[in-house]
Protein chains: 2
Amino acid sequence: MAEPLYRQIIWDLETKIKNNMQPNEKLPSERQLLEQYHVSRNTIRLALRDLEERGIVYRLHGKGTFVSTVYLDQINLGNMYSFTNEMKLAGRKPQTQNRTFDLISPEKSVAEQLGLKEGEKTYKLVRLRLADGEPLLYSETFLPERLFPDLTMSDLNNDTLYGVLKKKYNEVSVMVFEDIQAVSLNKEESKILGVDIGAPALMIYRRAIDENNVAMEFTRATARGDKFIYRTRQYNNLS
Amino acid sequence: MAEPLYRQIIWDLETKIKNNMQPNEKLPSERQLLEQYHVSRNTIRLALRDLEERGIVYRLHGKGTFVSTVYLDQINLGNMYSFTNEMKLAGRKPQTQNRTFDLISPEKSVAEQLGLKEGEKTYKLVRLRLADGEPLLYSETFLPERLFPDLTMSDLNNDTLYGVLKKKYNEVSVMVFEDIQAVSLNKEESKILGVDIGAPALMIYRRAIDENNVAMEFTRATARGDKFIYRTRQYNNLS
DNA sequence: GAGTGGTCTAGACCACGGT
DNA sequence: CCGTGGTCTAGACCACTCC
């Protein structure tokens, strides 16, 4: 199966909404869509549910499905395991440039975040993430050498970061802490991301720990404010 | 239909997981559950999808469905955002100005977020939060009149918002969605928060729903980028 | 009553993980 | 190979909204 039917429908509807529809405009009913795409109702509903969860449409029982007003052309950064996946979901062509990869003695703040002992080193991976050729997010990731000996650039070029950490080192993050801050881009940052100086951006500080409560990753990332939204869901547990 | 089948299955599975199962323990397969509950596979999958989205189980293609590690900590996961508490923790003197409080017919986007029917009204509470006398966060909160009849300004002056909603109306949020965005402040916003025009800020859109899956609160807030960090914690189960 | 989304059934085949 | 979750079909009835 190349790509599931419902995913193709998601992309198609999303494109049509973006290009040809207005907020609060009514989409065709599920039965109409079913005929248009020659699929079953279940498949249509899979697609609509995805669009609803991502805030692109809203559904009213007995009335119909409508284009959401809050729909911004922005990508969700929250709970992001994989930039690549998020981009594919949004129907865009993701690209990652691994710019530099070095073994360094980290600055103090990084050493603290990773709980490093005196003299311990980390790998530093600098990446630029693009979608459809447009730079969107700049990140610096620090990985303790102690946990990931002999990590190489070619490891990273052949798999996702978390794929490598799991497969080569059997390291999986159990908990992730993220701090999100609003900033204005300085000269260098704005140049890298291709926007004006002073443009708003999200700074994301991310710390991941593994099952042994050991810090395994620290990342600071800068994301274009006009292209990203950070979405979270929180549960207040029952009883 | 009293309560949908899949919802009853959700409750049942959730109870069993909580009382009798360990993290990473395997659940019965979808085909087994289908026989246990005498329902179709679609219905089982609706239930499992909900449990998965709420982080209670995780599913692995070709392997099965497993209990998440979330229930390891019986701690309350939600970072229910309490400005007052956060500030006290930070050693600052918190202050809340309740600026206006009215019963209004909300704009369309708000009505949509709260799932209001035609003609339903909401209370609108405008607040300014300060720390050590310095304004940090401006917020507009919308509360459906249907859920909170006879809510008054003096209720709010004598307790926290969530305290009132719980004590007077027995309404507690079970799930909270928040969207965070980086913006530049316009003239009015910058004046209210006492910073320059164009200064970076976090826009926070918050939607809370209660145990009956009814939207009980919608808030949009603007927080100074130089003074405010949004902190989250996430539990992972995926590879 | 007509049209909408919400729930549900009883099947089917595909893709993945392990034996 | 088998068992798993992932996708999909072609129907059905229910609950809601509006006329």
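In this predicted model, the largest nonpolar core holds 33 residues, of which Leu202(A), Ala223(A), Ile180(B), Leu202(B) and Ala223(B) touch the most other members. Another core lies apart from it and has 13 residues, including Tyr123(B), Phe142(B), Leu151(B) and Phe218(B). As background, nonpolar side chains tend to be buried together in soluble globular proteins.

**Chain A**

Chain A contains 8 helices and 10 strands. Of its 239 residues, 30% are buried. When contacts in chain A between residues at least 6 apart in sequence are considered, 59% join residues at least 24 apart.

Leu156(A) belongs to helix α6, residues 153-157 of chain A. Because 20 other C-beta atoms lie within 10 Å, Leu156(A) counts as buried. Beyond its neighbours within four places in sequence, Leu156(A) contacts Asn98(A), Phe101(A), Leu125(A), Leu161(A) and Val164(A). Lys187(A) is 31 residues from Leu156(A) in sequence, and their C-alpha atoms are 29 Å apart.

Ala2(A), by contrast, sits in the segment before α1 of chain A. With 6 other C-beta atoms within 10 Å, Ala2(A) is exposed. The C-alpha atoms of Ala2(A) and Ile204(A) are separated by 34 Å, the two residues being 202 residues apart along the chain.

**Surfaces near the DNA strands**

Around DNA strand D there are 25 residues, and those that come nearest are Leu5(A), Val39(A), Asn42(A), Gly62(A) and Ser29(B). At least two residues of this surface come from each of α1 (5-20) and α3 (41-53) of chain A, and likewise from each of α2 (30-37), α3 (41-53) and β2 (64-67) of chain B.

Around DNA strand C there are 23 residues, and Ser29(A), Leu5(B), Val39(B), Asn42(B) and Gly62(B) come nearest. The elements giving two or more residues to this surface are α2 (30-37), α3 and β2 (64-67) of chain A, with α1 (5-20) and α3 of chain B. The composition of the two surfaces by residue class is as follows.

**Packing of α2(B) and α3(B)**

Two packed helices are described by the angle between their axes and the distance between the axes. How are α2(B) and α3(B) oriented to each other? They pack at an angle of about 110°, and their axes are 9 Å apart. Angles of 65 to 115 degrees count as roughly perpendicular, and α2(B) and α3(B) are therefore roughly perpendicular to each other. From α2(B), Glu30(B), Leu33(B) and Leu34(B) meet Arg41(B), Ile44(B), Arg45(B) and Leu48(B) of α3(B). This contact of α2(B) with α3(B) comprises 4 nonpolar and 3 charged residues, with no polar residues.

**Positive phi values**

Most residues other than glycine have a negative phi. Asp150(A), although not a glycine, has a positive phi of about 65°. Asp150(A) lies in the loop between β6 (134-144) and α6 of chain A. Is Asp150(A) buried or exposed? Asp150(A) is exposed, since 8 other C-beta atoms lie within 10 Å, and a residue counts as exposed at 12 or fewer.

Asn170(B) is another residue other than glycine with a positive phi, near 55°. The loop between α7 (161-169) and β6 (173-184) of chain B contains Asn170(B). Asn170(B) has 8 other C-beta atoms within 10 Å and is therefore exposed.

Methods
Residues numbered from 1 in each chain as written. Chains lettered and ligands numbered in written order. Predicted model: local features only at pLDDT ≥ 70, side-chain atom pairs only at ≥ 80, totals over all residues. Near = placed C-beta within 6 Å. Helix = DSSP H or I, 4+ residues; strand = E, 2+ residues; numbered from the N terminus. Axes fitted to C-alpha atoms, helices over the stretch in contact; angles between N-to-C directions. Parallel < 35°, antiparallel > 145°, perpendicular 65-115°, else oblique. Contact = placed C-beta atoms within 7 Å. Nonpolar A, V, L, I, M, F, W, Y, C, P; charged D, E, K, R; others polar. Core = buried A, V, L, I, M, F, W, Y, C linked by C-beta atoms within 7 Å.
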